Amino acid sequence: MSRTGTSKERLRPISGFPEWTPEYRAVELEWIDRLRAVFESYGFASIEPRSVEPVEVLLKQGDTDKEIYAIGRLAADPGDRPEPAYGLHYDMTVPMARYVAANLNRLSFPFKRYQIQKAWRGERPQEGRFREFLQCDIDVVDTRELPLHFDAEIPAIMREAMAAIGAGPVVTRISNRKVLEGFYAGLGVADTANAIRIVDKLDKAGPDGVGAMLSAELGLDGATIGRMLALAEISGADASVVERARALGVESELLERGLDELGFVMAELSRFPEGEFVADLSIARGLAYYTGTVYEAKFADFPDFPTICGGGRYDDLVGGLIARRMPGIGISIGLTRVFAKLVAEGRIAPGRKAPTDILVVHTRGAPYRTVRETADALRRRGFRVEQYHEDRKLNAQLKYASEKGIPWIWFPPAEEGGRHEVKNSETREQVPADPAAWTPAGPPGRES
RNA sequence: GCGGGCGUAGCUCAGGCGGUUAGAGCACCAGAUUGUGGAUCUGGGGGUCGUGGGUUCAAGUCCCAUCGCUCGCCCCA
């Protein structure tokens, strides 16, 4: 591998590490603000834990170790341990559990937090799959049992969040791990965890593929597989899902509890427009730690695009870290995934190239001090102001303002004590104005 | 990790039957325009044709390798 590379190589994009120009970053920032507002309206507090965790904390979740970016110094010392000690987090759930465990005496429970942070994954990038991406999580964790009501509140918050950023129509499919585990156990399937992992591939592998895997990997017979697939075929927006699952005739206490939970959640969500929330017993989610309700959301318009929100309930995330159990529930929005897709589809109107409200031009011959003080005065009054730092021909200065979409242009006097003028970029109307008193009349005005 | 496609200016690409100093549009800089804008015109800067090797009198062009990007598969937060 070339160490230096050509200058061309140094400029090339790095696969899976997206970058945006200012007018799109402006939209992304706007999204973050709106998401914060939604989460905070439900009482979720923001935290920003460190981006690195001990590798063993990250691995607690499963054997996805190949996806973890390890950190280390470029030039290691001779005595450094060969294995990476720290890795960049690849999601926020388990790291959040570590944070909660480490700060138990300082947090109040139930602890409700949101995190909007970068995460890193060393996978092969594809559409909707990045190696560096913004993830947006909300979770509730408690030291005692969390009421089932949270299972219904979390997707409602997520729905509001997606609406706030204008993500377009989203379909959220909901299932319950207890239903699957209870059903499988009732059928006599021993390895329910692996059965769930395999069934989770239904949308990609199809019923035949999943059946073959269940047979090959778990040695299940055709009749058992047939009933498992029959369960997975059940979906619908109302309580009939529960009845149809019961009608399959498998007896299990866990299954009953799961069906009760699912029925409650669906009943609660029935207040939303039909089709937004659908019970779907083919949804399993690959992750090992889920133990109850699970969610998976997709764009209604792009059904082949990967999951844009996912989450669910877990009985315990901190058990391996501290000597107690801590149940929780949460959901995560793949912000970069949503954003990049909507950009690619042309559904995002770019923002402005700069936040500037007013450009103070350098009037020919005006003392620099006059220009600067004019800009300062306007800035003190709350406007976002930049000054043109060159006594250059006006053409160039005005062109600069129009390229950046700056709505107001301010003309300071050529000599101290002279008259100021301000011009509306859109209407090109120019009038005398006092920097100490002027307020924009109507649009474009300040960013709304 | 596996398979397909593609690497030519900062960006998007043309050239691609090997043949003198490699092109366009956009972007950038300057001027036309002696201080009131998005246009137009003129000029300018900018390339070891991803990298290494091979074939040839001659390689951006053909062959091999390699790296990167990209799409799909595997995997899956």
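**A walk from a buried glycine to the RNA**

Let's start at Gly 258, which sits in helix 11 (residues 253–269). Helices (H or I, at least four residues) and strands (E, at least two) are DSSP runs, numbered from the N terminus. This is a predicted model, in which local features need pLDDT of at least 70 and side-chain atom pairs count only at pLDDT 80 or more, while totals for chains, interfaces and linings use all residues. Residues are numbered from 1 along each chain as its sequence is written, chains are lettered from A and ligands numbered from 1 in the order in which they are written, and side-chain values use heavy atoms, with hydrogens and water left out.

Is Gly 258 buried or exposed? Gly 258 is buried, with a relative accessible area of 0%. Buried means under 20% relative accessible area, exposed over 50%, and partly exposed in between (1.4 Å probe, protein chains only). Leaving aside neighbours within four places in sequence, Gly 258 is in contact with Asn 176, Lys 178 and Val 179; contact means heavy atoms within 4.5 Å.

Asn 176 leads us to strand 7, which spans residues 170–176. Five of its seven residues are buried, so strand 7 is largely enclosed by the rest of the structure. Which strands does it pair with? Two strands pair if DSSP finds at least two bridges between them. Seven bridges join strand 7 to strand 10 (residues 290–299), and these two run antiparallel; here Ser 175 has Val 294 as its bridge partner. Strand 7 is also joined to strand 9 (residues 277–280) by three bridges, this time running parallel, with Thr 172 partnered by Phe 277.

Now let's visit RNA strand B. It is surrounded by 40 residues, the closest being Ser 15, Arg 121, Arg 337, Arg 364 and Ser 402. A residue counts as near a strand if one of its heavy atoms lies within 4 Å of it. Sorted by type, the residues of this surface are eight nonpolar, 13 polar and 19 charged. Here Ala, Val, Leu, Ile, Met, Phe, Trp, Tyr, Cys and Pro count as nonpolar, Asp, Glu, Lys and Arg as charged, and the others, Gly among them, as polar. Helix 14 gives the most to this surface, with four residues.

Finally, look at some individual atoms. A polar side-chain atom of Lys 201 lies 2.5 Å from a phosphate oxygen of RNA strand B. Ser 425 uses a polar backbone atom instead, 3.1 Å from a base nitrogen of RNA strand B.

Terms used:
A polar contact is a pair of N or O atoms within 3.5 Å; within protein, one must be able to donate a hydrogen and the other to accept it, and residues adjacent in sequence count only if both atoms are side-chain atoms.
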